[in-house]
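Got your viewer open and ready? Let's walk through this one together, making one selection at a time.

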Amino acid sequence: MVTDRRTASTLPAADVSYLFVDDEARADTVDVRDVDVRDVERRAPLRAGNLAYLIYTSGSTGRPKGVAVCHHNVVNLFGGTDQWCGFGPDDVWTWFHSPAFDFSVWEIWGALLHGGTLVVVSQSLSRSPIQLWELFARTGVTVLNQTPSAFYQFAESESQCPARVRESLALRVVIFGGEALDPSRLRGWYPGDNPRRPLLVNMYGLTETTVHTSKLELGTDEVHGSPIGAPIGNTRVYVLDGWLRPVPVGVGGELYIAGEQVARGYAGRAGLTAGRFVADPFGGAGARMYRSGDVVRWTGGGVLEFLGRADEQVKVRGFRIEPGEVEAALVSHPAVGQAAVIARELPGVAGGEQLVGYVVPDRSAGVVCRDEGVESELVGQWRRVYDDLYSGEGVYSLDQSCVEFGEDFGGWNSSYSGDPIELGQMREWRASAVDRVRGLGACRILEIGVGSGLLLSQLAAGCEEYWATDLSGETIGSLQARLSGLPFEWVDRVRLSVQAADDVEGLPAGYFDAVVLNSVVQYFPSGGYLLQVIEQAMTLLAPGGALFIGDVRNLSLLREFTTGVQVARADGLDVAGVRDRVRREMVAERELLVAPEFFVGVADEVGDVGAVDIQLKRGYSVNELTRYRYEVVLRKVPVEARSVSGAVRVEFVSRAAMEEYLRQTDSECVRVTRIPHAGLLPEVRVAQALGEGRLDVPAAAPGEVGAGCEVRVGSGSRRSGSLLPEDCHELACELGFTAVATWSSEAGYIDVVFVRAGLDGAAVTDVFVPCEPVSGLAGWVNDPGAGVQVADVRRFVGDVLPEFMVPAVVVVLDGLPLTANGKLDRSGLPDPEF
């Protein structure tokens with residue numbers, strides 16, 4: 001037995017000799033040479049039919065099977081792929097997978113047989129998509145081999161990567177294997193989407209047929225099912241029925257594989273070998289083929305399509321069910337991106353095991369395929385909330401009689417503690433929004449979602465007309481009563497009406513200088529609804545007018561925010577407990593969160609948008625409103641906007657270095673990138689720690705505000721290594737610049753543009769810079785209706801499948817759990833909640 005001493009201590013007792021590779025006493029006896037071992041030095045000559053390796057695969061009986069693979073099998077694997085892969089000594093490969101998983105054979109020998117470089121990826125690193133981007137960029141990886149499930153997570157993390165990392169990526173080919181691929185999950189990665197994208201190849205194979213059997217180069221997502229392509233060189237495939245007869249095109253049958261890559265068999269399992277490695281009736285004398293157990297079919301285009309396993313049936317209430325069929329039905333729902341189905345016993349449910357469906361929402365659904373029924377239900381829920389709040393009849397109703405008009409901050413409670421956010425912080429938050437709107441120079445304003453009049457009370461006196469709407473009749477009634485009791489002449493210039501954000505009836509087109517939606521869009525039911533409101537607002541604006549969208553929750557930081565809140569509320573929970581809370585809270589999120597890339601994409605979707613200005617909130621308060629929310633100004637054409645896309649770029653080192661550079665530079669416009677956010681970075685670290693299985697809260701560095709803390713801090717003169725956005729505004733004012741702060745491409749950091757001549761109220765655009773050009777709006781918003789759609793998903797499946805195949809419960813997840821090998825980890829699927 002060749003092992004190390006630590007591993008040997010965990011092995012069962014056996015009467016064998018051990019060779020310890022970490023035994024120092026043997027170190028000098030190991031003969032390491034650069035030349036090949038000669039046959040005369042072996043006990044017998046090495047032949048192509050000799051065993052190259054033995055890999056054990058799980059068996060349906062629970063007893064693993066040792067697959068014996070010969071040297072000629074491996075050589076033929078690469079001989080059959082050389083004609084299209086073009087691997088060579090300049091390639092850099094990654095080794096992700098355990099040697100116990102045959103994908104590692106492809107990874108290791110793909111690099112070594114072609115003289116390439118092999119980068120070993122640790123298990124902890126393999127589970128951190130952001131760190132993988134850094135690794136690939138740093139090592140120049142050109143060939144990536146991953147299971148589809150692992151790659152989906154890697155691809156989805158792209159928006160969180162710094163631009164410098166994305167631009168350094170050298171990938172030329174991505175090879176998928178190990179499980180079924182959903183081509184629609186690769187949108188944005190096809191060469192037609194971006195010429196810098198790598199070649200995408202889906203490969204299918206089994207350990208018994210030496211890793212890969214077929215391949216398909218993917219050029220578009222306009223394919224259905226899970227295509228696995230055609231056989232590679234040196235390999236033959238047959239789709240046969242139960243009598244070993246070829247089935248017609250389009251008809252499912254079991255896949256049999258023949259050719260030079262069929263392994264020797266199962267070590268020490270002659271009976272099992274005879275049952276799976278059978279005679280090939282289509283080959284020559286002595287030819288064998290492997291019975292895969294996979295069900296496939298030929299398409300009219302000569303491509304194999306994977307349908308599922310022949311041996312994965314489960315028995316529920318006496319019915320035999322293919323989980324793959326149920327998964328396919330779930331995924332066919334327009335709001336579902338991924339699905340998994342298992343049978344398990346449910347607490348309190350009689351009748352033995354029941355089907356449980358797990359679905360991951362398709363982020364594009366709320367933009368591309370809107371569900372009017374779900375949207376109407378969600379809007380109605382928020383209307384009832386605010387009707388109860390202002391009617392005095394609800395559980396959490398507000399008493400405004402003792403509050404000065406415009407000072408009603410009731411309901412603004414901390415997510416960390418549940419307590420009201422400190423009044424001084426709320427006033428600063430409100431003042432920041434008011435200053436931004438005043439800076440637009442508007443005489444006629446329409447505010448959509450006026451609420452208790454927090455902004456109206458500060459802005460209406462300076463306007464010729466102030467129109468305000470709200471979906472809650474009780475809210476408008478309460479506000480009208482408050483206004484009627486005020487002794488100010490500007491009250492007569494205020495017009496109130498009850499209507500939802502997407503209702504523009506009675507509002508004059510081309511009339512308003514500014515439309516304001518402050519702290520409103522989080523209550524919208526979908527990204528498509530938000531887009532509709534933006535389009536309608538543009539029609540209401542006069543030429544050159546501005547749409548102000550304030551207090552937008554950033555989708556890109558949802559995990560960090562949720563983790564910070566749940567850690568603050570941990571109450572003695574362990575890592576697993578906090579992780580589960582974070583997962584459930586993210587899935588249950590009922591508010592609309594929007595990544596800043598969405599608004600960049602709006603400029604392409606809405607023709608009237610001439611400038612996009614995305615900035616962070618100002619002020620010295622550090623709380624969830626300033627950590628995770630931002631403001632957007634969209635200008636209607638025609639507009640003369642100053643683009644800052646051409647600003648000189650300088651990466652942040654320290655406050656002192658930034659100040660020195662700004663004092664000395666002659667540049668009119670400078671973008672300082674990757675400035676650590678003193679209030680946000682500690683919470684990013686907490687999320688990273690939890691992702692690594694730790695619950696310890698890293699101590700805040702000097703000048704930072706600890707995770708979960710909500711305070712109003714002083715001037716930034718004491719902060720150097722990390723700053724607040726307001727510190728940069730303060731420095732700009734001191735040096736004769738105007739500062740514009742926005743998100744960086746990396747979580748926990750910000751970019752700040754310093755403009756020497758100042759802006760003097762002029763429109764600005766291109767402040768936020770996406771990692772890459774934004775194509776489409778899908779993926780940049782969440783789906784608040786995901787929870788509401790669970791019942792709809794079950795009804796949908798019930799319309800296409802028999803009743804006994806409909807899952808008893810459907811659970812919404814933000815992602816499917818993966819094994820160390822990147823495959824779906826069915827044992828990691830959580831128990832459903834009732």
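Select the interface of domain 1 and domain 2: the rule finds zero salt bridges across it, a salt bridge being a side-chain nitrogen of Lys or Arg within 4 Å of a carboxyl oxygen of Asp or Glu. Polar contacts come to two residue pairs here, both at pLDDT 80 or more. A polar contact is a pair of N or O atoms within 3.5 Å; within protein, one must be able to donate a hydrogen and the other to accept it, and residues adjacent in sequence count only if both atoms are side-chain atoms.

A word on what you are looking at: this is a predicted model, in which local features need pLDDT of at least 70 and side-chain atom pairs count only at pLDDT 80 or more, while totals for chains, interfaces and linings use all residues. Residues are numbered from 1 along each chain as its sequence is written, and side-chain values use heavy atoms, with hydrogens and water left out.

Contact (heavy atoms within 4.5 Å) links 16 residues of domain 1 with 12 residues of domain 2. Together the two domains bury about 1,100 Å², with carbon and sulfur atoms giving 42%; buried area is the accessible area (1.4 Å probe) that two parts lose on being put together, summed over both.

Next, find the open sheet whose three strands run in the order S3-S4-S14, with antiparallel pairing. Strands (E, at least two residues) are DSSP runs, numbered from the N terminus, and two strands pair if DSSP finds at least two bridges between them. At the edges, S3 (51-57) and S14 (265-266) each pair on one side only. Two bridges join S4 (residues 65-70) to S14. Pick Val67 and you will find Tyr266 of S14 opposite.

Which residue meets Arg344 in a salt bridge? Select Asp831: the two side chains meet at 2.8 Å, N to O. Asp831 lies in the segment after strand S37 (809-812) and Arg344 in strand S20 (residues 336-345), so the pair ties together parts that are 487 residues apart in sequence. The structure holds 37 salt bridges.

Zoom to Val637 and Pro638, joined by a cis peptide bond with omega about -5°; Pro638 sits in the loop between S29 (629-636) and S30 (641-643). Then go to Leu244, a residue other than glycine with a positive phi, near 60°, in the loop between S12 (235-240) and S13 (253-259).

Key
Helices (H or I, at least four residues) and strands (E, at least two) are DSSP runs, numbered from the N terminus.
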